[in-house]
Amino acid sequence: MFGLANPDRFLRFTRPLTPVLWAVAAVLLAVGTWFSFTAPEDYQQGDTVRIMFVHVPAASVGLMIYGALGVSSFFALVFRHPLADAAARAAALPGVAFTALALVTGSLWGKPMWGAWWAWGDARLMSVLILFLFYLGYMALRASIDDEAKAARAAAVLGLVGLINLPIVKFSVDWWNTLHQPASLLRADGPSMSAVFLTPLLLMMAAYGALFLAIWLTSIRTEIVRRRVVSIRARRALEA
């Protein structure tokens, strides 16, 4: 796998893989959406339970994406590898989009369940909001520094710092009293929800994961090409 760190090998390897991921994501989204709408109403939440099939996958994938951004930032900062930096940069935009979707759908779900759009004292809500701000900060920092190498190093440091927030997001419902319920999927005794809700949830999580991978690989490929174009233009300018 380390051979894929070479941009040319990466481009060759991902050329056939990327359209497959887009197709898999489309199929999973279609099937997951169908299962989501055909699932029965919850005896307590009614039809609002269907928000779960968007909210939970968006939150989970948003968390996963920041992990990818942070690991890529580590390799970019320590080994100064341009492909790792391209991977970190490419993860930021889909990460902020999925996290924003999680915040919006969480608010829509919270209003009928908790009686409020937002609860500032809830540790899970605040830690996800901080995750969203780390994404925005990463993108803003890169955009604010003209020197691309300096911008990459500064953003990589911020990306690594943000990793501290990931376990806080994950375990906030266990460490503090929150409005959010404890984990329903990753439990020692197995998932706590019935199959009629578990099936569409897992399908949508797989769909969101495949969608992110498709977007990520496409963005990395685009970033590699962009950097090559910039390099060629700079070389021609010097020659001129």
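Where does Arg80 lie? Arg80 sits in the loop between H2 and H3, and one of the views below takes a closer look at that spot. A couple of ground rules come before the panels. This is a predicted model, where local features need pLDDT of at least 70, side-chain atom pairs count only at pLDDT 80 or more, and totals for chains, interfaces and linings use all residues. Residues are numbered from 1 along each chain as its sequence is written, and side-chain values use heavy atoms, with hydrogens and water left out.

**View 1. The whole chain, for orientation.**
The chain has seven helices and zero strands, and its pattern along the sequence reads α-α-α-α-α-α-α. Helices here are DSSP runs of H or I with at least four residues, strands are E runs of at least two, and both are numbered from the N terminus. The C-alpha trace spans about 70 × 40 × 30 Å along its principal axes. Of the 240 residues, 42% are buried; that label means under 20% relative accessible area, while exposed means over 50% and partly exposed is in between (1.4 Å probe, protein chains only). Take the contacts between residues at least 6 apart in sequence: 76% of them join residues at least 24 apart. A contact means heavy atoms within 4.5 Å.

The chain carries 20 positive and 13 negative charges, and their mean positions are 10 Å apart. Lys and Arg count as positive and Asp and Glu as negative, with His and the chain ends not counted; each charge is placed at NZ of Lys, CZ of Arg, CG of Asp or CD of Glu. Call it a salt bridge when a side-chain nitrogen of Lys or Arg is within 4 Å of a carboxyl oxygen of Asp or Glu. By that rule there are 10 salt bridges. One of them pairs the side chains of Arg227 and Asp85, at 2.5 Å from N to O. Arg227 is in helix H7 (residues 195-239) and Asp85 in helix H3, so this pair ties together parts 142 residues apart in sequence. Both Arg227 and Asp85 are buried.

**View 2. Glu148 and its two arginines.**
Arg89 and Glu148 meet through their side chains in a salt bridge, 3.8 Å from N to O. With Arg89 in helix H3 and Glu148 in helix H5 (residues 148-162), the pair ties together parts 59 residues apart in sequence. Glu148 also forms a salt bridge with Arg226, the closest N and O atoms being 2.9 Å apart. This link runs from helix H5 to helix H7, so it ties together parts 78 residues apart in sequence. Salt bridges that share partners join Asp85, Arg89, Arg142, Glu148, Glu223, Arg226 and Arg227 into one network. As for accessibility, Arg89 is partly exposed at 33%, Glu148 is partly exposed at 33%, and Arg226 is partly exposed at 30%.

**View 3. A nonpolar patch at the surface.**
Val71, Phe74, Phe75, Val78 and Phe79 form a nonpolar surface patch with about 460 Å² of accessible area together. Patches take residues with over 30% relative accessible area and no salt bridge, joining like charges within 9 Å and nonpolar side chains (Val, Leu, Ile, Met, Phe, Trp, Tyr) within 5 Å. Phe74 is found in helix H2 (residues 52-79) and is partly exposed, with a relative accessible area of 39%.

**View 4. Arg80, in the loop between H2 and H3.**
Arg80 is not a glycine, yet its phi is positive, at about 55°. This residue is exposed, with a relative accessible area of 59%.

Thr99 has its place in helix H3 (residues 82-114) and is buried, with a relative accessible area of 2%. Leaving aside neighbours within four places in sequence, Thr99 is in contact with Gly62, Val128, Leu131, Phe132 and Tyr135. Gly106 lies in helix H3 too, and is buried at 11% relative accessible area.

Terms used: Areas by Shrake-Rupley, 256 points an atom, 1.4 Å probe, with all protein chains shown as cover.
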